[in-house]
Amino acid sequence: MIIAISGTPGTGKTEVAKVLAKQLGWKMIELNGLADEKGLHSGYDKSRKCKIVDVGGIKKEVARISRSGKNIIIESHYAHDVKNDFTVILRANPGQLRERLVSRGWTLRKIEENIQSEIMEVCKSEAMNQGRNVVEIDTTGKTPVQVSEEIRKAISRS
């Protein structure tokens, strides 16, 4: 089984995925780390100051890893684009999201772009348009452990 944890940057994906993986005893894969490790980039976005991930390459690599038959959790703002069995979209109040992104030292432009993505429900819309089994969880004011428990309950209901 593959659980994808996706959402706008700053919603808590990485921390929640780490907690959930530990609770379930599953392998957790940070897709951006996998892209770095395997050299799966198609360029560099100078205006956003970030590497452009080769999502097609990531999909192939996750498919290869999943053939081992082990359960995995994948995490990234594009994890919903990768074939999975259960998609979790983490959400956060835009005000709290702004605080989290400011604390990372991000540029105002990058913060505003991500706040707009959150307001417009971009990750959720993309996942639903792909026919994914989607559960949406608001992380505002919650700990990663609390969010992980909500995910576990949602999985058990599906």
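Me: Which strands does helix α6 lie across, and at what angle does α6 run to β6?
Reply: This is a predicted model. In it, helix α6 (residues 122-129) lies across β1 (2-7), β6 and β7. Its angle to β6 is about 165°.

Me: What makes β6 and β7 a pair?
Reply: Two strands pair if there are at least two bridges between them. Strand β6 (residues 86-91) and β7 are joined by five bridges. Therefore they count as paired. The two strands run parallel. Val-88 stands opposite Val-135 in β7.

Me: What is the strand order in the sheet?
Reply: The order is β2-β5-β1-β6-β7. These five strands form an open sheet with parallel pairing. From one strand to the next, the twist averages 20°.

Me: Why are β2 and β7 said to stand at the edges?
Reply: β2 (27-30) and β7 (134-138) each have a single partner strand, so one side of each has no neighbour in the sheet.

Me: Why are α4 and α5 called roughly antiparallel?
Reply: Look at the angle. Helix α4 (residues 94-103) and helix α5 (residues 108-119) pack at about 150°. Angles over 145 degrees count as roughly antiparallel. Therefore α4 and α5 are roughly antiparallel to each other. Their axes are 10 Å apart, and the crossing is right-handed.

Me: Which residues of α4 meet α5?
Reply: In α4 they are Pro-94, Leu-97, Arg-98, Leu-101 and Val-102. Their partners in α5 include Ile-111, Ile-115 and Glu-118. By class, this contact has seven nonpolar, one polar and three charged residues.

Key. Residues numbered from 1 in each chain as written. Predicted model: local features only at pLDDT ≥ 70, side-chain atom pairs only at ≥ 80, totals over all residues. Heavy atoms only, no water. Axes fitted to C-alpha atoms, helices over the stretch in contact; angles between N-to-C directions. Helix = DSSP H or I, 4+ residues; strand = E, 2+ residues; numbered from the N terminus. Parallel < 35°, antiparallel > 145°, perpendicular 65-115°, else oblique. Left-handed = near helix turned anticlockwise from the far one by under 90°. Contact = heavy atoms within 4.5 Å. Nonpolar A, V, L, I, M, F, W, Y, C, P; charged D, E, K, R; others polar.
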